[in-house]
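Subject: Structure handover

Hi,

Here is the structure I promised to pass on. Please have a look at it first, and my notes follow below.

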Amino acid sequence: MSTRLIAFTPLAILLAVILAFLSLLVRGEPEARDPMAGKPFPQVELAALNGYDRFNPAEGLPEGPALVNIWASWCTPCLAEHPLLMALAEEGVPLYGIDYKEREPGAGEAFLQRHGSPFAAVGADPEGRMGLELGVTGVPETFVIDSNGVIIARHAGPLTEEIIQNKLRPALDSAL
């Protein structure tokens with residue numbers, strides 16, 4: 001009897017490990033808390049994009065809650081999310097842009113001329129200084145800031161309708 005128990009012990013342990021992994025897959029891991037949440041939006045000097053109102057946090061942030069989207073003309077996911085940003089702007093959602101590390105002079109302006117600008121104002125971050133301050137891991141990234149300029153939420157990666165409805169809108173509502 002004891003030899004049977006010893007023979008089945010490794011099998012029982014393996015089964016327990018498999019069940020633990022399956023449980024994580026079904027539940028999913030909780031989203032990690034963003035280290036920027038609750039911190040003031042950095043007041044970094046941003047350059048102007050020719051032909052567009054300048055978003056320059058060093059001179060002050062917009063009043064009221066707003067979205068800040070970090071994008072680049074060379075970023076394929078940025079192009080994919082662009083129609084969603086245009087729709088948000090049409091709804092009246094305050095939206096500001098940061099053109100991040102463009103590879104070609106004038107490429108950001110050309111992108112906005114070709115696809116339309118959803119931004120109330122846009123700034124350029126050619127060296128990525130703002131990106132460093134915000135901990136940007138890649139473009140696109142979108143931040144929700146409250147009326148005091150504090151970061152409420154962040155989404156790394158392209159936006160989808162689901163992310164807008166389930167993450168950004170609730171963050172904007174809580175920032176009022």
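Let me start in the sheet: Gly97 stands opposite Val122 in β4. That contact belongs to the pairing of β3 with β4, which is parallel and runs over 5 bridges; strands count as paired if DSSP finds at least two bridges between them. Helices (H or I, at least four residues) and strands (E, at least two) are DSSP runs, numbered from the N terminus.

Before I go on, this is a predicted model: local features need pLDDT of at least 70, side-chain atom pairs count only at pLDDT 80 or more, and totals for chains, interfaces and linings use all residues. Residues are numbered from 1 along each chain as its sequence is written, and side-chain values use heavy atoms, with hydrogens and water left out.

**The sheet**

The open sheet has 6 strands in the order β1-β4-β3-β2-β5-β6, with mixed pairing. Its edge strands, β1 (47-48) and β6, each pair on one side only. β1 joins β4 (residues 121-125) in the antiparallel sense over 2 bridges, and there Ala47 stands opposite Ala124.

β4 is largely enclosed by the rest of the structure, because 5 of its 5 residues are buried (under 20% relative accessible area; exposed is over 50% and partly exposed in between, with a 1.4 Å probe and protein chains only). Ala121, Gly123 and Asp125 point one way from β4, while Val122 and Ala124 point the other way.

Together with helix α3 (residues 107-115), β3 and β4 make a right-handed β-α-β unit. Right-handed here means that, with the strands pointing away from the viewer, the path from the first strand over the helix to the second runs clockwise.

**Salt bridges**

How many salt bridges are there? The count is 3, taking a side-chain nitrogen of Lys or Arg within 4 Å of a carboxyl oxygen of Asp or Glu.

- Glu45 and Arg54 meet at 2.6 Å, N to O. Glu45 is partly exposed at 45% relative accessibility, and Arg54 is partly exposed at 37%.
- Glu91 and Arg169 have their closest N and O atoms 2.7 Å apart. Glu91 lies in the loop between α2 (76-90) and β3 (95-100) and Arg169 in helix α5 (residues 161-174), so the pair ties together parts 78 residues apart in sequence. Arg169 is partly exposed at 22% relative accessibility.
- Arg154 and Glu141 have their closest N and O atoms 2.8 Å apart. Arg154 lies in β6 (residues 151-156) and Glu141 in β5 (residues 141-145), so this pair ties together parts 13 residues apart in sequence. Both Arg154 and Glu141 are buried.

Best wishes
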